[in-house]
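Hi there,

Here is the structure I promised to pass on to you. Have a look at it first, and then read on for what turned up in it.

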Amino acid sequence: MLPIPPLMLTTGPVPAYPEVLAALGSPVLYDYHPAFQIFYADVTEKLRQALRCDAAPVIMQGEAILGIEAAAGALISKNDVVLNLVSGAYGKRFAIWASRYGKEVIELAVPYDDVIDPQAIREVLRKRPDISVMALCHHDTPSGTLNPLGEIGAITAEHGAYLIVDAVSSFGGMNVHPQEAHADIFITSPSKCLGSTPGLSLIAMSDRAWAKIETNPDAPVNSFLSLLAWKDASEPGKPFPVTPSIGEIYALNAALDRYVEEGPENVWARHALTAAITRKGLFELGLPLWPKEEAFCSPTATVFKVPENISDVTLRDRLLHDHGILVSLGRGETAGKVLRVGHMGASAQPDFARQFIAALSGILSEPFSAD
Ligand SMILES: *Cc1c(COP(=O)(O)O)cnc(C)c1O
């Protein structure tokens with residue numbers, strides 16, 4: 001038996017909504033049953049509406065890193081010069097795939113408590129007009145920082161480059177959509193702000209991205225990594241490249257229904273308020289945020305520095321064992337220095353932020369809290 005989960009204020013995976021858990025209990029339907037094919041097309045259409053994009057999005061049957069790696073493989077050819085914008089661990093990691101498929105990767109990096117400055121991108125593009133693809137992680141989750149995607153998208157479009165955006169931990173928790181941001185490939189996940197389970201990559205595509213991919217001789221085919229293989233998968237009657245993750249599709253459907261029923265604006269407001277209460281509480285406790293400026297903070301996760309008299313692991317363990325609250329440790333650059341509190345999907349509740357701050361305040365006010 002699995003233990004009863006604590007209050008999970010983690011940064012993904014996150015607790016799933018009750019409707020999602022109920023949907024996971026639905027009977028497994030054969031993927032070639034016409035009813036499943038219609039259902040799959042319907043879920044794809046709901047996702048398209050949630051993403052507010054024109055072309056049918058692609059659902060790849062694996063956790064969001066699959067979608068990110070597949071996007072790199074499909075879009076980037078051996079003629080492409082890629083500008084990789086790095087403000088954290090996920091942005092940095094994209095270079096592995098960009099350099100596998102591209103001609104050259106140029107990195108524009110800032111310290112991981114900072115965000116990308118659009119002006120700096122303009123300078124790089126002036127020196128390197130041959131840049132043809134740009135990649136950005138919108139919310140680099142280990143840092144809790146949010147890059148100015150709107151401005152970056154506009155600059156990319158002006159330059160005529162293609163833009164790949166990792167919006168895994170921002171989409172669904174704030175007002176961000178691929179077309180508005182001029183993203184050509186925009187990858188997100190059901191297991192962050194949509195409050196479903198991990199196991200799928202949700203990918204919005206622009207028409208020009210499809211056109212480039214279809215003429216890219218290096219784009220993976222006959223491979224689990226092939227984005228192209230899923231292009232028309234939502235058209236009833238077309239075979240699926242592999243068996244879809246049936247249960248995850250049911251779960252996604254329930255998460256999308258919930259998103260629409262609550263109203264996206266209300267969902268975003270709930271995320272923003274939860275984050276604001278968390279930041280205010282930390283400020284009152286004298287705990288500094290990891291991001292250099294409060295304006296850089298994501299509404300979907302709050303990253304703060306752990307005080308010197310207690311280790312990150314001890315504080316995390318005390319929150320879990322004494323208060324039943326589970327938060328995430330830092331990763332990479334932020335490892336050992338911070339704790340990370342998720343406000344994603346079902347965990348984006350103002351009351352959870354208040355509970356978390358009360359628990360933290362209790363632990364830090366005890367004389368024996370020091371290691
Ligand atoms: C969660 C997340 C992903 C998915 O990657 P995992 O490490 O497998 O969870 C990708 N990008 C970002 C920014 C994420 O937060």
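This is a predicted model: local features need pLDDT of at least 70, side-chain atom pairs count only at pLDDT 80 or more; totals for chains, interfaces and linings use all residues.

Seven strands make up an open sheet with mixed pairing, and their order is S2-S10-S9-S8-S5-S3-S4. Strands S2 (58–60) and S4 (104–109) are the edge strands; each has a single partner strand, so one side of each has no neighbour in the sheet. From one strand to the next, the twist averages 20°.

S2 pairs with strand S10 (residues 201–205) in the antiparallel sense, over three bridges. One place to look is methionine 60, whose bridge partner in S10 is serine 201. Helix H7 (residues 207–214) packs on the sheet, where it touches S2, strand S8 (162–166), strand S9 (185–188) and S10. The direction of H7 makes about 100° with that of S10.

Next comes S9, which has pairing of both kinds. With S10 it pairs in the antiparallel sense over four bridges, and threonine 188 stands opposite leucine 202 in S10. With S8 the pairing of S9 is parallel, over three bridges; here aspartate 166 stands opposite isoleucine 187 in S9.

The side chains of S9 are worth a look too. As a reminder, side chains in a regular strand alternate between the two faces of the sheet. In S9, Ile185 and Ile187 point one way, while Phe186 and Thr188 point the other way. Are these four buried or exposed? All of them are buried.

Now to helix H3 (residues 64–75). Its twelve residues should span 16 Å at 1.5 Å a residue, and the end C-alpha atoms are 17 Å apart, so the two values agree. H3 is also mostly covered, with eleven of its twelve residues buried. Among the buried residues are Leu66, Ile68, Glu69 and Leu75, along with glycines such as Gly67 and Gly73.

Finally, the annotation. UniProt, in an unreviewed entry, lists residues 98–331 as "domain: Aminotransferase class V". Over residues 98–331, the chain is 35% helix and 17% strand. The end C-alpha atoms of that stretch are 22 Å apart.

I hope this helps you find your way around the model.

Best wishes

Conventions:
Residues are numbered from 1 along each chain as its sequence is written. Side-chain values use heavy atoms; hydrogens and water are left out. Two strands pair if DSSP finds at least two bridges between them. Helices (H or I, at least four residues) and strands (E, at least two) are DSSP runs, numbered from the N terminus. Axes are lines fitted to C-alpha atoms, for helices over the stretch in contact, and angles run from 0 to 180 degrees between N-to-C directions. Contact means heavy atoms within 4.5 Å. The expected span of a helix is 1.5 Å times one less than its number of residues. Buried means under 20% relative accessible area, exposed over 50%, partly exposed in between (1.4 Å probe, protein chains only). UniProt positions are given in the numbering used here, feature names are shortened, and annotations may be inferred rather than shown by experiment.
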